Amino acid sequence: MGELMKSALYFVLGGLMVSVSTYLGTMGRGFLAAFVSTFPAITGVTIVLIYLNAGNEHAYTYAKHLLWLVPAWIAYVGFLILTLNRLGFWAAMAGALALYMAIVALIKLAIR
């Protein structure tokens with residue numbers, strides 16, 4: 001399979017997950033939408049594709065760094081939950097993303 005076909009397949013898989021999650025969320029099925037968004041299918045496919053393209057070492061490194069980023073993701077979601085009704089959507093999203101990036105930067109410094 002050529003590189004262009006691989007990229008197109010990755011794009012379609014990711015877009016399908018986002019589309020299904022968005023559809024479920026707009027239908028008022030927030031729990032199911034969250035489940036689809038966090039289901040390890042994308043992570044699993046990503047690990048398989050990294051393994052097939054680069055081997056065990058790169059798949060291991062990817063999986064290990066996923067765990068390092070869990071605290072940043074929890075802070076991101078927690079900030080949204082705490083501020084969405086107080087600040088409004090856009091301010092809460094901007095704050096959550098800024099917090100996420102700040103924590104990622106700190107984690108990156110810590111694991112050097």
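Start by selecting glycine 78, whose place is in helix α4. Helices here are DSSP runs of H or I with at least four residues, while strands are E runs of at least two, and both are numbered from the N terminus. This is a predicted model, in which local features need pLDDT of at least 70 and side-chain atom pairs count only at pLDDT 80 or more, while totals for chains, interfaces and linings use all residues. Residues are numbered from 1 along each chain as its sequence is written, and side-chain values use heavy atoms, with hydrogens and water left out.

Stay on glycine 78 for a moment. Is glycine 78 buried, partly exposed or exposed? Glycine 78 counts as partly exposed because its relative accessibility is 23%; buried means under 20% relative accessible area, exposed means over 50%, and partly exposed is in between (1.4 Å probe, protein chains only).

**Next stop: the largest pocket**

Select Ser37, Thr38, Phe39, Thr43 and Trp73, which lie nearest the centre of the largest pocket among its 24 lining residues. Elements giving two or more residues to this lining are α1, α2 (30-38), α3 and α4 (56-87). Colour α4 to see the largest share of the lining, 7 residues. The pocket's volume is about 800 Å³. A pocket is an open set of points on a 1 Å grid over the protein atoms alone, with protein on both sides within 12 Å along at least five of seven lines, and lining residues have an atom within 4 Å of a point. The volume is the space filled by probe spheres set on the points, which are joined across faces, edges and corners.

Now click on phenylalanine 39, in the loop between α2 and α3. With 39% relative accessibility, phenylalanine 39 counts as partly exposed. From its C-alpha atom to that of leucine 66, 27 residues apart along the chain, the separation is 14 Å.

**Last stop: a nonpolar patch**

Select Met1, Met5, Leu9, Tyr10, Leu13, Ile42 and Val45: together they form a nonpolar surface patch with about 630 Å² of accessible area. Helix α1 supplies the largest share, 4 residues. Finish on leucine 13, found in helix α1, which counts as partly exposed at 32% relative accessibility.

Conventions
Patch = residues over 30% accessible without salt bridge, like charges linked within 9 Å, V, L, I, M, F, W, Y side chains within 5 Å. Areas by Shrake-Rupley, 256 points an atom, 1.4 Å probe, with all protein chains shown as cover. Salt bridge = Lys/Arg side-chain N within 4 Å of Asp/Glu carboxyl O. 1 Å grid on protein atoms, 1.4 Å probe; cavity = no way out; pocket = protein on both sides within 12 Å on 5 of 7 lines; lining within 4 Å.
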